[in-house]
Amino acid sequence: MDNKNNSVIKQQLANKRLLITGCTGFLGKVLLEKIIREIPDVAGITLLIRGSGKYSSAEERFKHEIASASIFDSLREQNPEALEKILAEKVTCITGEITEENFGLDSHTWKELSQQVDIIVNSAASVNFREALDQALSINTLSLFNIIKFSEAAGNAPLVHVSTCYVNGFNEGQMGESIVGPTGKSIAQHSDGYYDVESLITEFQSLIEETKAANCDPSTLTEELVELGARTANLYGWNDTYTFTKWMAEQLVLHKLDGKTLTILRPSIIESTYQEPVGGWIEGVKVADAMIMAYARQKVSFFPGRKDSLMDIVPADFVSNSILYSIAKSFKDPGASRIYQCCSGHANPITVQTLIDYVVEEGKTNYAKYDRLFYAKPEKSFNVLNKSIFQKAISLVELQTKALYKAKKWLGLKPSTKALDNIQVVKTLSKIYAFYGDMNVVFNNHKMIRLIEEFGKEDKMLFPVDATLIDWRHYIRDVHFAGLQKYALEDRAVIQQRRQQAKQQALKSAA
């Protein structure tokens, strides 16, 4: 007997119609590939794709940005005709914008779409930690009003909303799968548990308009709105605009979909895939990679953080599997609101120091294998300093570097700005990411683990989620480094060629 036939996930998703947002993103691609590979009996997958001036339609963007992605290479190599067939028969692309009313669709298309969806998976978000407040609020929070409206139009279709463990903000200690409140300025809480953020939204929109009215210069307005977002987040107890606006989105859906079928799934730091469809698949550079890059490029020999702080990392394939568990549970036991976390901190913790140790070991031993990551053999050590010591150290290094630069200029030499540029890069990275390496928090996913046990051994095998399966040394040194080299980073020759072209273009424009 084929064990796959006993999979609760496969049974629950068979003949179901999914609407997925955010599929042009890293996680969305991992999720789509897994569904196509393991759940071919799904009735259909509709992708809501934001319009792009680069492409004439959602189908064109899907073809160039999603279907052509290297994550589909293994399926393409096994049976290219079968892949093309399932993409053509099962996947429908709709040009739409979650931040616009009715997704920007005409009334006929909106109504037709609402009649063709059994469940909504919302993975769209702006993950820019230093996003302008108006943009972050629009994409990460206000868009949920449109998602909720669509859910209602689709006959109260269940919603799986992808959030983040870091909605826990500055809270400390064990943080489980429940509603969490602010540690800063208080926000009114309803008796049902959620917090009243609608009045906050109105207040923030007024602040945004005031900021825009006071700043007519576009070159400074964006930075003003970025700083407004950061100040506002900090005031209420969050590190950045991203996590604060994601927290507000949770409160909206908990309120508006109370008594309906809702799942909030909170991943921690999503990094490259562990095993499926290949180990190490990744797009771009993620949160934990800030430390890796700082060491690999030898920009400085220290970074802000705390050695014993947990770096809660979870591979992308574990997160996509968690989404599939959430979808299946929504169909299996409808009519409830649930919060799950996909994380590693409680079950299989890795500290900042251990992560750095693995990075340094691999760098010193095999740097030549990763020529896109390491430009030379790493000679400097790499240390984690607490925030205050880091600030003093980086200020001292900057002062010395500037003094040396001025002295060389005074002597009539032509000093390189490389050292000063490196310092600025590290200061920027530390401003964005330092919080994530200096936390007094442990995320747990007890409810998700109970769900895995409820579904049984077939799903546990086909859709792994449990962080105890991760061998951190193997993952960081063998899987993740290889993934960064192969998928995330460009060849240096390509980068240099692009820089040269940009320089030539600038000279031509100046002439």
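**Entry 1: Tyrosine 295.** I began with tyrosine 295 in this predicted model and found that residue buried, at a relative accessible area of 1%. I then looked up phenylalanine 382, which has 7% relative accessibility and therefore also counts as buried, the cut-off being under 20%.

**Entry 2: Aromatic pairs.** I looked up the aromatic pairs and recorded 26 in the structure. Tyrosine 295 and phenylalanine 382 make up one of these pairs, with 5.7 Å between ring centres and 65° between planes, an edge-to-face arrangement. I located tyrosine 295 in helix α11 (residues 289–296) and phenylalanine 382 in the loop between α13 (352–366) and β12 (383–385). The two residues are 87 apart, so I noted the pair as a link between distant parts of the chain.

**Entry 3: Tyrosine 370 and phenylalanine 481.** I asked why this pair is classed as edge-to-face. The planes of tyrosine 370 and phenylalanine 481 meet at 70°, with centres 5.2 Å apart, so the pair falls in that class, for which the angle must be over 60 degrees. Tyrosine 370 belongs to the loop between α13 and β12, whereas phenylalanine 481 belongs to helix α18 (residues 472–488), so the pair ties together parts 111 residues apart in sequence. I found both tyrosine 370 and phenylalanine 481 buried.

**Entry 4: Aromatic cluster.** I listed the members of one aromatic cluster: Phe129, Tyr166, Phe170, Tyr242, Phe435, Tyr436 and Phe443.

**Entry 5: Charges over rings.** I looked up lysine 149 and found its charged end over the ring of tryptophan 110, 5.6 Å from the ring centre. I also recorded arginine 297 over the face of tyrosine 375, at 4.3 Å from the centre of that ring.

How values were computed:
Residues numbered from 1 in each chain as written. Predicted model: local features only at pLDDT ≥ 70, side-chain atom pairs only at ≥ 80, totals over all residues. Heavy atoms only, no water. Phe/Tyr/Trp six-rings, centres within 6.5 Å; stacked < 30°, edge-to-face > 60°. Helix = DSSP H or I, 4+ residues; strand = E, 2+ residues; numbered from the N terminus. Buried < 20%, exposed > 50% of the residue type's maximum accessible area, 1.4 Å probe, protein only. Lys NZ or Arg CZ within 6 Å of the ring centre and 35° of its normal.
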